[in-house]
Structures are given as structure tokens and as C-alpha cells.
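Please view the model alongside the text.

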Amino acid sequence: MRYSAVQLIRQGLAGHTGWSPAWRTPELARGYDAVVIGGGAHGLAAAYYLRKIHKVKRVAVLERSWIGGGNTGRNTTIVRSNYFFPESAALYDFSLRLYEGLSEELNYNIMLSQRGVLNLAHSEHDMELMCRSVNAMLLNGIDVELLSAAQIRREVQTLNFERDARYPIFGGFMQRRGGVARHDAVAWGYARAASDLGVDIVQGCEVTGFLRDGDRITGVETSLGPISAGVTGMSVAGHSGVLAGLAGFRLPITSYALQAMVSEPIKPILNTVVMSTATGMYVSQSDKGELVFGQGLDLYPSYAQRGNLPVAQTIVASMLEMFPSFRRLKLLRQWAGVVDVCWDYSPIIGPAPVDGLFMNCGWGTGGFKGSPVGGWTLAHLMAKGDHHVLSRPFDLGRFTSGRLVDEAAGAGIAH
Amino acid sequence: MLSIPCPFCGPRGEHEFQWGGEPVTRPVPASEVSDARWANYLYLRTNTKGRDRELWCHAGGCGQWFTMERDTMTHEVFESAQISLGRIGA
């Protein structure tokens with residue numbers, strides 16, 4: 001069923017009883033040409049592009065729980081491509097460009113709102129480093145601009161501009177093409193479009209092991225029985241280490257809980273995404289009116305999808321220091337996702353150390369913005385057996401060669 | 001908030017501590033260590049889901065390093081131990 005204004009009116013007149021499910025609930029087949037493990041936005045995007053671009057015939061997505069229920073449904077929905085290194089800028093900007101056309105491509109409103117992403121500098125030294133970063137980003141072809149404190153004051157009046165503020169505002173930089181998108185809609189839009197192209201999306205199907213022929217992986221063991229696969233892709237974020245363990249190798253990844261929280265909904269007060277280099281805090285206002293905010297990782301590795309109290313308190317304190325007027329708002333919800341953090345804060349996209357398996361993981365704290373390109377490059381790898389030009393620098397081999405893409409230090413911004 | 005049993009100071013709140021990673025042992029001699037073995041030591045981790053043995057430092061207290069067993073799924077803390085000289089990890 002194609003979504004349109006005409007369809008909305010027609011269904012509305014019929015009392016909204018005629019809508020069909022957005023995706024099929026198929027019978028699980030015993031074999032596929034390509035199996036993608038993980039039904040988040042990345043995995044669903046990979047399945048969609050495998051059918052759409054590469055015309056792979058039988059494609060399945062296996063999801064342990066329900067689609068979009070992991071980090072896809074737990075992030076703060078920010079999209080941007082303001083990265084320091086050329087490899088990263090190319091990757092993330094390709095993703096942002098896919099986002100820009102995604103509602104039309106999928107016939108599903110992902111509610112992309114390019115309201116800008118503002119990064120703050122709190123001292124003269126912050127500002128100097130920011131100039132350097134901005135110059136690098138401009139050389140990478142990213143649309144960023146430096147702003148003075150006075151310019152910022154015209155755009156975001158609610159910030160704490162007092163001279164005795166704990167984090168006084170010296171300036172900042174803005175990527176105007178950055179913004180937010182509806183995270184669930186990205187998963188559901190890809191799922192619906194993939195399902196329409198014949199992809200089997202199987203929920204409640206946990207991968208418990210791999211099938212092998214010699215050294216080659218030929219499928220997966222699941223809670224619903226064995227499934228053979230011509231090629232297998234994994235896109236499971238925080239659980240990448242667990243799957244790698246099942247396949248018999250280790251990854252340069254540690255899983256942490258990353259928290260986020262929302263305030264009670266209020267009338268429009270914040271018209272852009274604000275990030276602070278000093279505290280790592282970021283905040284935006286959702287279309288429902290809630291302030292959505294978060295900060296850094298919890299202090300130790302975790303597979304629990306909940307954050308710990310000391311970090312939650314730090315996050316709230318940072319936000320209130322920068323936005324004193326939010327002090328009397330109630331906290332509505334707080335949650336966490338399990339994120340797969342690489343040493344250099346860049347993803348790993350490429351062949352696994354075993355044949356027949358490809359990986360898209362290590363996105364850490366910044367996976368949502370990379371969903372379209374993660375899916376795009378994983379699909380390319382699975383269909384062609386070799387790297388896409390965008391994914392080659394992010395091969396696992398960089399940890400042996402030493403050629404890291406060190407955005408942890410390079411970008412100097414919250415992720 | 002975790003209550004972490006420092007083997008030297010007794011139980012304290014988690015904000016006094018710093019997580020120090022999976023115990024690893026540096027391969028030697030350097031001249032004979034391949035790039036793959038070095039990467040294995042420097043970067044590759046088991047990233048255990050469940051009960052695991054970790055290094056911790058009582059950074060905001062006595063400053064001592066020790067090992068502790070903890071469940072990464074439930075955050076339950078088990079016993080901690082002083083580090084003996086010699087090998088501490090695989």
C-alpha cells in the first residue's frame with residue numbers, strides 16, 4: 001500500500017480500518033542467499049539495499065527481539081557529518097545525503113528535520129581548536145561555519161551567556177544540514193520497503209551459533225532452527241563481541257551502556273541541536289516537545305540496557321548549567337542502550353576473520369546517523385565480497401596495520 | 001551505584017573507582033612479537049557478557065590496582081583480590 005495524502009483521506013473516511021500491516025510476517029525458509037543478523041536500522045537498511053541495489057534474490061533479516069528495539073529505538077536521533085578525518089567525513093556525509101532522500105525513497109516519512117547541530121566552545125583555547133576542526137571539515141567538503149558568541153546568542157537565547165557561567169560561551173560551530181530524524185520511522189521505513197521487495201523479516205529469532213563447512217561460515221543456528229546462507233552479515237551493535245565469540249574470533253570492541261533521557265514535554269523553546277565540547281552533553285527538543293539529552297558513556301562495560309545513577313546525575317547537572325531555565329522541568333524517562341565502542345571511535349565495516357561472514361559494527365555512540373551508509377556498505381560487501389570505496393578505511397585490518405581513524409581525538413566533539 | 005570492595009580500604013561507592021579493562025599480559029620480547037600478536041594484546045578483547053574478571057583502580061582512594069569479578073549483565077559485584085606479582089592476565 002502506497003502512502004499518500006489521498007490514501008490518508010480515503011482511509012480516514014473509512015474509519016482507519018483498511019490499513020494493511022507495514023511489513024509481512026513471513027514463514028522462515030531453511031535457506032537464503034543472504035542472511036543479515038540484527039533487525040535494527042543498519043540491518044534492515046542492508047537487507048533493503050541487497051534487494052534494491054544488488055538484486056540478491058532471497059534475503060532475510062533475523063532479529064532476536066523486535067525490529068528497531070535495540071539502539072535504533074534508544075538513541076537521541078541526531079544526524080550530522082561534521083567529522084575531522086576525510087575517511088569519516090566521506091562516510092558520514094554519504095549517510096546524511098541518503099537521509100536527505102530517504103522519506104521519498106522509502107515512501108515513509110522519517111521526519112528528517114535539518115534544524116542544525118551547534119557545537120559550543122567554552123574558552124579561547126576551545127575556540128582555537130574548533131577553528132582547526134572546522135577548517136578540516138571544510139576541506140572535507142562539509143557545510144560547517146564558525147559562529148561568534150553574539151551570533152549564537154541570536155539563534156539560541158536559552159543558553160547561559162552569563163560571564164560567571166561554569167561553561168561560558170566563547171563561540172561555536174554549526175552544521176546546518178545536521179539535525180534530527182524520527183528513529184523508529186527509519187527502522188520501520190526500511191522494514192516496510194524491504195518487505196515489499198520480498199525480504200523476509202523474522203522477529204523473535206535469536207542466532208545461537210554458526211553453521212560451517214570447513215573454515216567457511218555457511219549459515220546460522222537459531223532459536224527457530226538452522227538456516228543456511230550463501231553469505232551472512234552481522235549488524236548487532238553492542239552484541240558484536242558475543243556473535244564474534246560464537247564465530248571464534250575477538251574484536252577491538254568494548255560494550256558500554258550509553259544513557260539518554262527526556263524531560264516532560266513543553267512548548268517549542270530550542271530550535272537546534274546543541275552540543276558542548278567541554279561536557280560532552282547534547283540536547284534537542286523533540287516534535288512532541290520533550291527535551292532529549294544525553295552525554296558520555298557509563299564508567300564501566302555493561303550489557304544491561306540501563307544507565308547508572310552517578311552518570312545520570314552528571315548529565316542532568318551539565319544540561320542545567322548550560323540551560324538554567326530548564327531547572328524546574330520534570331524528568332520523564334531515562335534509559336540506556338548497549339553501544340559497541342572501538343578504540344578509535346570509528347566503525348568496523350568489512351570482512352570478518354572467517355570466510356562467508358561480513359561485519360558492520362563498532363559504531364559505538366554514533367550509530368543512528370550512520371544507519372543508511374552502514375546498511376549500504378554492508379550490502380555491497382555481502383553482494384560483491386569486497387569493500388565499497390567508503391568502507392575500505394574502516395576494515396578490521398586497521399588495528400593490525402596501525403592505520404586507525406582516530407575520531408576519538410580528531411573530532412573533539414561529543415558522539 | 002555499585003558498592004565496590006577495595007581489597008585495601010573495604011567497600012566504597014563506585015565514583016571513587018576507575019575501571020581498568022580486561023587483564024592482559026604484554027608479549028615479550030618486542031623484537032619477536034608479530035603485528036598480529038601485538039594487535040591482539042593492544043586492541044582485541046573478549047568483551048564478556050556475564051561474569052568476568054576485570055582490573056580496577058581505587059583512583060579516588062588508596063590508588064591501588066586490584067582485580068574484581070563482576071557480572072556485566074546484572075552489574076552484580078563478586079569478590080575482589082590484590083594483584084600478585086607476575087602474570088595477571090592471559
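The text below describes a predicted model, starting with the interface and ending with a helix.

**The interface**

In this model, 24 residues of chain A are in contact with 24 residues of chain B. The size of an interface is often given as the accessible area lost when the parts come together. Chain A and chain B bury about 2,200 Å² between them, and 54% of that area lies on carbon and sulfur atoms. Arg250(A), Tyr300(A) and Tyr303(A) supply 33% of the area that chain A buries against chain B, more than any other three residues.

How many salt bridges does the rule find across the interface of chain A and chain B? The rule finds zero. Polar contacts do occur there: 15 residue pairs, both residues at pLDDT 80 or more.

Each element in the table supplies at least two residues of the side of chain A that touches chain B.

| Element of chain A | Residues |
|---|---|
| Helix H8 | 240-247 |
| Strand E12 | 253-263 |
| Strand E15 | 291-301 |
| Helix H11 | 398-401 |

E12(A) gives the most to this side, with four residues. By type, the residues of the side of chain A that touches chain B are 14 nonpolar, seven polar and three charged.

**Helix H3 of chain A**

Helix H3 of chain A covers residues 86-100, which is 15 residues. From its first C-alpha to its last, H3(A) reaches 21 Å, close to the 21 Å expected at 1.5 Å a residue. H3(A) is mostly covered, with eleven of its 15 residues buried. Among them are Leu91(A), Phe94(A), Leu98(A) and Tyr99(A). Glu87(A) and Asp93(A) are buried as well.

Key:
Residues numbered from 1 in each chain as written. Chains lettered and ligands numbered in written order. Predicted model: local features only at pLDDT ≥ 70, side-chain atom pairs only at ≥ 80, totals over all residues. Heavy atoms only, no water. Contact = heavy atoms within 4.5 Å. Buried area = accessible area lost by both parts, 1.4 Å probe. Salt bridge = Lys/Arg side-chain N within 4 Å of Asp/Glu carboxyl O. Polar contact = N/O pair within 3.5 Å; in protein donor to acceptor, adjacent residues only side chain to side chain. Nonpolar A, V, L, I, M, F, W, Y, C, P; charged D, E, K, R; others polar. Expected span 1.5 Å × (residues − 1). Buried < 20%, exposed > 50% of the residue type's maximum accessible area, 1.4 Å probe, protein only.
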